[in-house]
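Hi,

Here is the structure I promised to pass on.

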Amino acid sequence: DQKCCWNQPPNMRVSCYALAALLAVMSGLEQAAGLEPLDVAFDGPPGWRMVDRFAGFRYEVMGNVIGVGFRQATSEKATQLGCFGWAQNTERGTVVGEVRCAKSVAPAMKEWLAAGPPKSRVDEVTVKDYENTKIKLHFSHFKILPDERQTCFRDPPHQCAEFAEGGGGGGSAPSHDEF
């Protein structure tokens, strides 16, 4: 979209317009050749694909993790590692969230979640790695979600009760953010 070029400094606008024109031509060529649009997660040379460079995962941490600064410490560690995402307390007494970061630091973030901050006690961590690296709630930084916001997923970890019971949601609108 060439409208975004106006947000660029004057010396960058020509490059921006040229890039926009090139992308439009490439898109037209792809369609003319009957090709699918580029999947930035999986297409491209190894090392340049999103799945080669980034990791995304959901987690749930069980133990003594409420009221001990777990979410704040998670946010600080994520920021230190260059990750973004979110953390939230649950009614079950666990902390859940999502992280997206460079693939090279994902293991360090997972290890930190398994250890937690000094005042916490982590009994178990459940992690679901996302194949395409995209997390469901996207923030530009690491955010602590309010406790009153009810967030759950169709599958573990942190599965909605109606899906855990095998109801599949029953066709009615859930009273929470479901992904």
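P157 is joined to P156 by a cis peptide bond, with omega at about -5°. For background, most peptide bonds are trans.

Before you go further, please keep in mind that this is a predicted model, where local features need pLDDT of at least 70 and side-chain atom pairs count only at pLDDT 80 or more, while totals for chains, interfaces and linings use all residues. Residues are numbered from 1 along each chain as its sequence is written, and side-chain values use heavy atoms, with hydrogens and water left out.

Now the overall picture. The chain has 5 helices and 7 strands, and along the sequence they come in the order α-α-β-α-β-β-α-β-β-β-α-β. Of its 179 residues, 35% are buried (under 20% relative accessible area, with exposed being over 50% and partly exposed in between, using a 1.4 Å probe and protein chains only). As for contacts (heavy atoms within 4.5 Å), take those between residues at least 6 apart in sequence: 70% of them join residues at least 24 apart.

Next, a pair of helices. α3 (residues 70-81) and α4 (residues 106-115) pack at about 160°, and their axes are 10 Å apart. The axes are lines fitted to C-alpha atoms, for helices over the stretch in contact, and angles run from 0 to 180 degrees between N-to-C directions. On the α3 side the contact is made by F70, A73, T74, K77, A78 and L81, and on the α4 side by A108, M109, W112 and L113.

Last, a loop residue. Where does T94 sit? T94 lies in the loop between β2 (84-89) and β3 (95-102). T94 counts as buried because its relative accessibility is 5%. Setting aside neighbours within four places in sequence, T94 touches E60, V61, M62, V65, I66, Q88 and N89. One of these, M62, is 32 residues away from T94 in sequence, but their C-alpha atoms are 5.0 Å apart in space.

Cheers

Terms used
Helices (H or I, at least four residues) and strands (E, at least two) are DSSP runs, numbered from the N terminus.
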